[in-house]
Amino acid sequence: ASTNIDGVWQRAGEAALVAAEQERAARNIPSIAVGIVTRDGLVWSGGVGHADAEGKQPLDGNTVYRIGGLTQAFTAELVRSLAASGKLDLDAPVTRYLPSFQPRNTFGGEITVRHLLEHRSGLVRMPPRGHHADLESATLAETVTSLNATALMSQPGSAVKYSDAGYAVLAHVAEVAGGKPFEKLLAETVLTPRSMTQTSLRADKSSLAVATMAPFDGERFAPAVFDTGVVASLGAQSSTKDLARFTQDLFGREAPTLSGERGVLDRHDVVSLSGATYGYTTDLSVFPADGFAVITLMAIDSAQPVLKRLRDFTARQVIAAKTKQRRPASELSTKVPVGTAHRLQGHYSDGAHSLDIRIVDQRLFVEAPGLAAELRQRGSRLVVDDLAVSGDELQSDSKARSVTFRGVTYQRTNWERPAEPTADLAGFVGEYGWPHNILRVYERDGDVYARVEWSQHYKLEKAGKDAYRFPAAGLYANEELRFTRDERGIGAAANLSGVVMPHRDLGAETEIRSRANAPFIAALVANARKMSPPAQPANLRKPDLVEVNKLEPTTKLDVRYATTENFMGAPFYDSPRFFMQRPAASGLIRAHRKLAEQGFGIVLIDGYRPWYATRMFWDAVPPESRPFVADPSQGSRHNRGCAADISMFELATGKTVEMAGRYDEPSARSSPLYVGGTSLQRWRRDLLKNAMEAEGFDVYVNEWWHFDYGEWRNYPVMNVDFNEIGGGS
Ligand SMILES: C[C@@H](N)C(=O)N[C@H](C)C(=O)O
Ligand SMILES: [Zn+2]
C-alpha cells in the first residue's frame with residue numbers, strides 16, 4: 001500500500017506546507033491548497049490561508065477552487081471514454097461529427113478530434129462568442145458556430161497553439177457522438193462514477209475559496225465569476241479531494257491523460273495539467289513512473305511561476321522522502337538591499353530598446369521589452385521574482401554602467417525626451433475590453449505592445465492599416481488585432497480574431513464613479529469637521545508651514561480642491577493655497593529649479609491638507625478607491641504638511657503636461673510603475689519622480705503625482721484651516 005509508509009507523504013506534505021506558507025505570506029495570497037495522490041487516492045492534503053475573506057474558514061481537502069484549464073483533463077477523459085466505447089474516432093475529421101464546422105482554412109488538411117485534444121488544430125485561442133471574457137451567455141453550439149467567422153492560424157496538426165475554442169469544439173463533438181448534452185455526459189461518464197460531488201461546470205461563487213486578481217501595476221480586486229461558452233476548456237471548479245479521485249485513475253495507463261504537457265523534473269517524467277482563470281492558478285502534475293501526483297491550487301490570478309516552484313518543491317520532497325535522500329530546502333528570495341537598488345535605478349538602452357529599473361515603495365522593479373516585474377535577490381543573484389514572471393537573472397557591472405538581461409546588454413544612459421508617437425499609433429494607445437478583462441495597448445521604444453490577460457506583454461507587428469499581429473509564440477500566437485476608429489480617429493474598439501473589445505476611457509469612467517457623491521460633499525465636509533484627528537505624540541517638531549508659491553513664484557498654482565475640477569467634483573477648500581513644512585518646501589523648490597534645465601516647472605496641486613479633508617475622502621470614495629486616499633485613523637502625510645500632489649508644466653507654453661493618466665484617477669494608470677500609455681508620458685513621469693527623489697521625497701506606490709517628504713514622521717497630523725496658518729514666507 002502507498003499510504004504514508006514511514007510517514008513519507010506526511011513528511012513531504014508538511015515541508016511543502018512550510019514553503020507554501022512562506023509564499024502565501026510574502027505575496028499576500030488568500031490561500032494555497034496542496035495534495036499528494038497515488039493510485040490509492042489522496043494520501044496527504046493540507047493548505048495555508050483561509051477560504052473566506054474574514055479569515056475564519058480554514059482550508060481542507062473540500063475547499064473549492066476554480067480550476068481553469070485543468071477542466072480540459074475532464075473533457076479529455078470523456079472523449080477518451082467515448083473513443084474506448086467506439087462512439088468516437090480520435091483520428092476522424094471533426095466534420096464527421098460537425099459537418100457545418102467550417103473555419104476558414106487557407107492551409108489545407110482537416111482538423112481531427114486528436115488535434116483538438118492536443119491544441120494542434122490551428123484554431124484561434126478564443127471563439128468570437130462565448131469566449132472567456134464574454135458575459136453574454138452562449139451555448140456550445142453558438143460558440144462553435146461563431147468560429148466559422150475565424151481563420152486557422154496554421155495547418156491542422158502542424159503546430160501547437162493553445163486554444164480554448166478547440167476544447168469547445170471538442171465538447172460539441174462529444175455531445176454529438178455521445179447523444180447527450182456535454183454537461184450531462186461529463187457528469188455521467190467522469191464525475192459521478194468517481195463521486196466527484198464538489199466538482200461542477202457551473203461557476204458558483206458561494207462555494208468558492210475567496211480569491212484575488214493581482215495585476216502587476218494595479219490594485220488587487222475580486223475576480224469575476226461567470227459561465228462562458230468555453231466551459232469545457234476552463235469552466236470547472238473542484239476541490240483537492242475531488243481532483244484526487246480523478247487523478248488516482250490516471251496511474252498505470254500508457255498515457256495518464258490525452259491532454260496535458262509532458263516534461264521532466266530532475267530526470268523524473270511528469271505530465272502536467274495546469275490552469276489559470278480569473279483569480280485562480282492551478283496545477284495537477286502526475287509523475288507516472290514514481291507513482292504519485294501533486295495537486296496545487298492557489299487563490300490568486302496568474303501566478304504560474306510561484307505555483308510551479310511550489311509544485312516542484314513538493315515533488316522533490318516526495319521523491320527525496322521515498323528514496324530516503326536528503327530533502328531540499330526551500331529558498332525564498334529577499335528584497336534587494338537599498339544600496340544595490342539605488343546603484344541600479346535608472347534608464348538603460350542597447351540603441352534600439354530600453355530597460356528601466358525603478359525603486360517604488362523601497363522595492364526594485366524592472367521594465368524591459370515585454371516584461372515588467374519585481375527584481376529580488378536569490379543568494380548573490382539578482383533575479384526577476386514576481387507572481388506572473390520569475391527566473392530571469394539581471395547582471396550588472398559594479399558601477400551599474402550596464403546591465404545584461406535576457407541575453408541583451410543595455411548601457412546606462414540619460415533618457416532623452418522620446419518622440420511623440422505617430423498620430424496613427426497614438427490613437428490606439430489605451431485600454432480595451434471589460435473591467436474583468438482589460439487589454440492594454442501601449443507604445444515603448446516606438447514599438448507597439450499589448451498586455452493581455454493581466455500579465456503577458458507582447459510586441460506587435462504592423463499587419464496592415466489599423467492592424468497588428470501577435471508574435472509567433474505566446475497566448476495569441478499569430479493572431480491579429482484590428483482597430484476601428486471613432487470620428488476623431490481614436491481607437492473605438494479592438495477586434496482580436498473576432499472578439500470585439502470596446503475602448504475604455506479609464507479617466508472618464510473612474511471620474512464618474514468618484515464624483516457620484518459630489519452633491520453631498522458639503523455635508524460630508526461638515527460632518528468630518530465635527531470629528532477629531534488621531535491624537536499625536538508630544539515630542540514631534542513644531543510645525544513651520546510655508547506657502548510654496550510665495551517662496552517660489554515661478555511654480556504654477558493649481559489647487560484643484562478649491563475648484564470643482566477634482567475627483568470629488570466639488571470644492572472643499574475656501575482658497576487655493578499650497579503650504580508645506582519649510583524643509584519639504586525647500587526640497588520641492590530645488591526640484592522645481594532643477595527641472596527648469598529640462599524646460600519644465602512644477603504644478604502645485606495640493607500640499608498641506610487639513611485632516612477633515614482626509615476624513616471626508618474616506619467617507620466619500622467607493623471601497624475600491626480607498627488605496628488612493630489615506631486612512632484617517634492614521635492621518636495623511638498631507639495632514640503633516642509633508643506630502644505634495646504635483647505635476648509638471650512646460651516653461652515654454654505654461655501648459656500642464658499630459659501624463660499617462662489624470663490627477664487623482666483611481667486606476668492602474670496612476671501607478672508610478674504603470675506599463676502603458678506612451679514613452680513620452682512615462683518619461684515625464686520618471687523625470688518628475690527622479691527630480692523629487694533627489695530632494696528627499698518618495699513617490700507613493702499608487703499615485704505618480706504624490707510625493708512624501710522623507711521626514712514626515714517628525715511632524716504632527718494637523719487640522720487647521722489655511723487662514724489660521726501664520727508666517728508663510
Ligand atoms: C487623494 C490623493 N490626492 C492623495 O493625496 N492620496 C494620498 C494617499 C493621501 O490621501 O495621503
Ligand atoms: Zn497626495
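How much space lies in the second largest pocket? I looked this up first in the model, which is predicted. The pocket holds about 930 Å³ of space.

**Entry: pocket lining.** I then listed the residues around the second largest pocket and found 45 of them in its lining. Glu658, Met659, Ala660, Arg669 and Gln681 lie nearest the centre. I noted the elements that contribute two or more residues to this lining: strands β17 (430-434), β24 (499-504) and β28 (600-606), together with helices α12 (506-514) and α17 (679-693). Helix α12 gives the most, with five residues. Sorted by class, the lining comprises 16 charged, 16 nonpolar and 13 polar residues.

**Entry: nonpolar cores.** I turned to the largest nonpolar core, which has 69 residues. Phe74, Phe101 and Val169 have the most contacts inside it. Helix α5 (residues 164-178) supplies the largest share of this core, nine residues. For Val169 I set aside neighbours within four places in sequence and recorded contacts with Val94, Leu98, Phe101, Leu116, Leu123, Val144 and Leu147. I also recorded a second, separate core of 64 residues, with Phe567, Met580, Val629 and Tyr709 among them. In soluble globular proteins, nonpolar side chains tend to be buried together.

**Entry: helix α15.** I checked the span of α15, which runs over residues 582-596 and has 15 residues. From its first C-alpha to its last it reaches 21 Å, close to the 21 Å expected at 1.5 Å a residue. Which residues of α15 are buried? I listed Ala584, Ala585, Gly587, Leu588, Ile589, Ala591, His592 and Leu595.

Notes. Residues are numbered from 1 along each chain as its sequence is written. Chains are lettered from A and ligands numbered from 1 in the order in which they are written. This is a predicted model: local features need pLDDT of at least 70, side-chain atom pairs count only at pLDDT 80 or more; totals for chains, interfaces and linings use all residues. Side-chain values use heavy atoms; hydrogens and water are left out. On a 1 Å grid over the protein atoms alone, a cavity is a set of points where a 1.4 Å probe fits but cannot get out, and a pocket is an open set with protein on both sides within 12 Å along at least five of seven lines; lining residues have an atom within 4 Å of a point. Grid points are joined across faces, edges and corners, and a volume is the space filled by probe spheres set on the points. Helices (H or I, at least four residues) and strands (E, at least two) are DSSP runs, numbered from the N terminus. Ala, Val, Leu, Ile, Met, Phe, Trp, Tyr, Cys and Pro count as nonpolar, Asp, Glu, Lys and Arg as charged, and the others, Gly among them, as polar. The expected span of a helix is 1.5 Å times one less than its number of residues. Buried means under 20% relative accessible area, exposed over 50%, partly exposed in between (1.4 Å probe, protein chains only). A nonpolar core is a set of buried Ala, Val, Leu, Ile, Met, Phe, Trp, Tyr and Cys residues joined through side-chain atoms within 4.5 Å. Contact means heavy atoms within 4.5 Å.
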